[in-house]
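Trainee: I would like to go through the terms used for this model and check each against its cut-off.

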Amino acid sequence: MIDKDIVFSIMQKSFEGLYASGIIDQIVDLTNETAIFGSGSKLDSMAFVSFITDVEDAISTIQKKEIFVVLSDIEDLYPDAPILTADMLAHYLILACK
Amino acid sequence: MNTQMIIAVTGSSRGIGYEIANHFLNQGCLVAGCSRGDSTISHLNYRHYSIDVCDEMDVQLWIRALRKDFNRIDVVVCNVGLVKLGSVTGSTSLNSFKSFLDSILISTFLVCREFSKIMMLQRYGRIINIGSIMSEMHAPGTCAYASAKSAVIEFTKVLAREVADYGVTCNIVSPSMVKTDSNAVFGDSWEKAMLEMQTIKRPIDATELCHLIDFFASPKSSIVTGQILHTCLVN
């Protein structure tokens, strides 16, 4: 059963991979408030695509189920949120796995 | 390491897509084709996926399967489109209009969105969309088809800008009237009227488009993006 710790671990690993491959220029220590998309995010469009693809692949492998991140579904969950945070993404992914 | 070019072609079971798929197979490429039905191509280097490119989940699963099966995709030719009789705007139903948008514009958006992601990550790719001379003709009875094809042009140009920094090009081949089974439904008088509006006054064979696609698909064409290659002028 996937939980927030697992999702955070996957996201952290993806950030480390992006840093190691030079796609982002500074390491990100993930917290609930870390901006994934929107103002304050360290991810440009390339890094965002890479990050989401990493996370989708890792979670699909663990769950043995095809999981896709649909940004509009996250917006439905958090209609007034100005940015997508790590906590929001983790919550969405846990719901998607159910 | 596999150094063969890997080409994805939508709508590969018939018409233009079928010819494009066979053209690349004859060049020794690996081809991943798709259509709603079964494969009509039997070749060692061809793999068929039965999907509906208007269905978001189908497209996402297809691209995920391609990543697993091939690890990379060099070129995608987005060819799917609805070819059926249209009518003047006053008698075009909303459902009919939407069906053209779905089959032409939405399918192009879904396929390009997913392929552009892989291509950005691999920092290389060639996206080739198939347009139509109809977007230049403004012919009565094509309000849905021509509008959808025009939208594909604008979409391709926007995408070209978005992915240019990642080694991915996006271009359009815009054929004049092509001889396909689907066009037969329009009848001789319609065909004659359309050909009268073209500089090249004969239907072209789908195979004649292949070297235009080769140009955009070539690794040497890295400086060409956001462009339309028309086969002829509209009179």
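Mentor: In chain B, residues 24 or more positions apart account for 70% of the contacts with a separation of 6 or more; two residues are in contact if their C-beta atoms, placed from the backbone, lie within 7 Å. This is a predicted model, in which local features need pLDDT of at least 70 and side-chain atom pairs pLDDT 80 or more, while totals for chains, interfaces and linings use all residues. Residues are numbered from 1 along each chain as its sequence is written, and chains are lettered from A and ligands numbered from 1 in the order in which they are written.

Trainee: How do you know that the radius of gyration of chain B agrees with a compact globule?

Mentor: The rule is 2.2 Å times the number of residues to the power 0.38, and the radius is taken over C-alpha atoms. For 235 residues a compact globule would be near 18 Å; chain B has 17 Å, so the two agree. The C-alpha trace of chain B spans about 55 × 35 × 35 Å along its principal axes.

Trainee: Why are H1(A) and H2(A) called oblique?

Mentor: Their axes come within 9 Å and cross at roughly 135°. Angles under 35 degrees count as roughly parallel, over 145 as roughly antiparallel, 65 to 115 as roughly perpendicular and the rest as oblique. H1(A) and H2(A) are therefore oblique to each other.

Trainee: Which residues of H1(A) make the contact?

Mentor: Ile10(A), Met11(A), Ser14(A), Gly17(A) and Leu18(A) do, against residues of H2(A) including Phe51(A) and Asp54(A).

Conventions: Axes are lines fitted to C-alpha atoms, for helices over the stretch in contact, and angles run from 0 to 180 degrees between N-to-C directions. Helices (H or I, at least four residues) and strands (E, at least two) are DSSP runs, numbered from the N terminus.
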